[in-house]
Amino acid sequence: MSDERQSAFADGDVDWSTAGIVARRDTYFAASQRKFVPYETPQIFKTGSGQYLWDETGRKYTDLLGMNLCISVGHAHPEVVAAVQAQVAELTHCTTMFYHPTPAHLAEELAATMPAGHDWVVHFTNSGAEAIDLALVMAREHTGNTDMLALRTSYHGATCGAQALTGIAGFRHRMAQMTGVAFVPEPNQYRGIFGEGVQPYLDEVDRTIQTATCGALAGMIIEPVQGYGGIVIMPDGYMAGAFERVRAAGGLAIVDEVQSGFGRTGDHYWAFEADGVVPDIVVMAKGIGNGIPLGAVVAKRHIAESMADKFLFHTYGANPVACAAGRAVLRVIRKEGLQENARLVGAALKARLEDLQQRYEVIGDVRGRGLMMAVELVKDRTTKEPDPETTAKVFEETRRKGLVVSKSGPNRSVLRMVPPLCLSMADIDPVAEALERCFAAATR
Ligand code: PMP
């Protein structure tokens, strides 16, 4: 980077030139952060409003990714912005040893979203992975056991604890992973190793407890709908059956709602409710803050109480600005009926994707619930061989056609659509037509 460019923008100014943004990031970001680039060339975003984004040149996009599900109620939602602005001006941080009403209100409000008849308490963190680590520590402290079960194709975060629970090689680094985690096959009804059905996957949970653990568990962690795994929905009866087995072995039921929570799946506020289970620990992050960093562990009181003899301190945990955002998010979801919107608009989107599947042989599967949707691309519908090459082509096209989606799944063959919950019926036609043109262009 030239010295002139550096000195011209040295004092708080922002260089919005495309060349400047790219050069600075490429020069100063470490490889570990530089690596995560989805498209063939850099994509810059400058402004967001509702379900739309604009790049630095003023080009508009429909956001079907919600900045990786962080934007739940819409970019720059006025009520969230106002809550954040008011709190940041009054008191930007209040360390957890002091009392402040805003985090306590949010804890009360989150507890109220959990299944009735249980006593729920909340511990706030700054991110999802931190919350996962805390859930892991809590389960081990409470049960006195170490062994955990996790699912293949799961993603739980990048910290050492969360990485050890993550079942995708691309997210696990070359280091000795934390011990005491055994993986069971994900009950993927499209391409799981035991095919369709639930019982073979539950039998494997039994076998794994008997062979790959000491027989006494700390718990099992499940995403009710796997996100990075490529929108893999836990089939009816799986979570209930797996948790029953885990509890019989002394372990806790832990659900990761980081992607699937807050009404996104439409039918339920929490995706675990679809299987009628009551978890012991619920982990949440992303959409809770509408882009402001915030995570939380919500646990049954007697379980969280096992950690009462030693405090566990996250410097920015329970930050009042993040919690003010969280309170506004909960309010907006309720006031604007966003769970119901996710159900209706998600169903309309799914119908259009299924229609597309009729016409494009490369679409092997369309799946999802509410506004957590995916299409999986295959080279052959019978063998179900993943088609990452066509996926990459369609993906590049989506950008050209003004859509933001994500390429995910362990085989990079899934297009994941997880928009802000305010995506509207009026967006469905243009989105479906744009997708159609993407598939046409990529399969020509
Ligand atoms: N769990 C799930 C299901 C996630 O998708 C993620 C993040 N993609 C995490 C946990 C970790 O959250 P964070 O990146 O905020 O640490």
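A pocket is an open set of points, on a 1 Å grid over the protein atoms alone, where a 1.4 Å probe fits, with protein on both sides within 12 Å along at least five of seven lines. In this predicted model, local features need pLDDT of at least 70 and side-chain atom pairs count only at pLDDT 80 or more, while totals for chains, interfaces and linings use all residues. Residues are numbered from 1 along each chain as its sequence is written, and side-chain values use heavy atoms, without hydrogens and water.

**Second largest pocket**

- The volume of the second largest pocket is about 830 Å³, taken as the space filled by probe spheres set on grid points joined across faces, edges and corners.
- Its lining (residues with an atom within 4 Å of a point) comprises 30 residues, with T96, V122, H123, F124 and A318 nearest the centre.
- β4 contributes the largest share of this lining, four residues.
- Strands are DSSP runs of E with at least two residues, and helices are runs of H or I with at least four.

**Sheet**

- Seven strands form an open sheet of mixed pairing, in the order β4-β12-β11-β10-β7-β5-β6; pairing requires at least two DSSP bridges between two strands.
- The edge strands, β4 and β6 (181-184), each pair on one side only.
- Strands β5 (147-151) and β7 (217-222) pair in the parallel sense over four bridges, and A150 stands opposite I221 in β7.
- Helix α9 (199-212) packs on the sheet and touches β5, β6 and β7, contact meaning heavy atoms within 4.5 Å.

Conventions:
Axes are lines fitted to C-alpha atoms, for helices over the stretch in contact, and angles run from 0 to 180 degrees between N-to-C directions.
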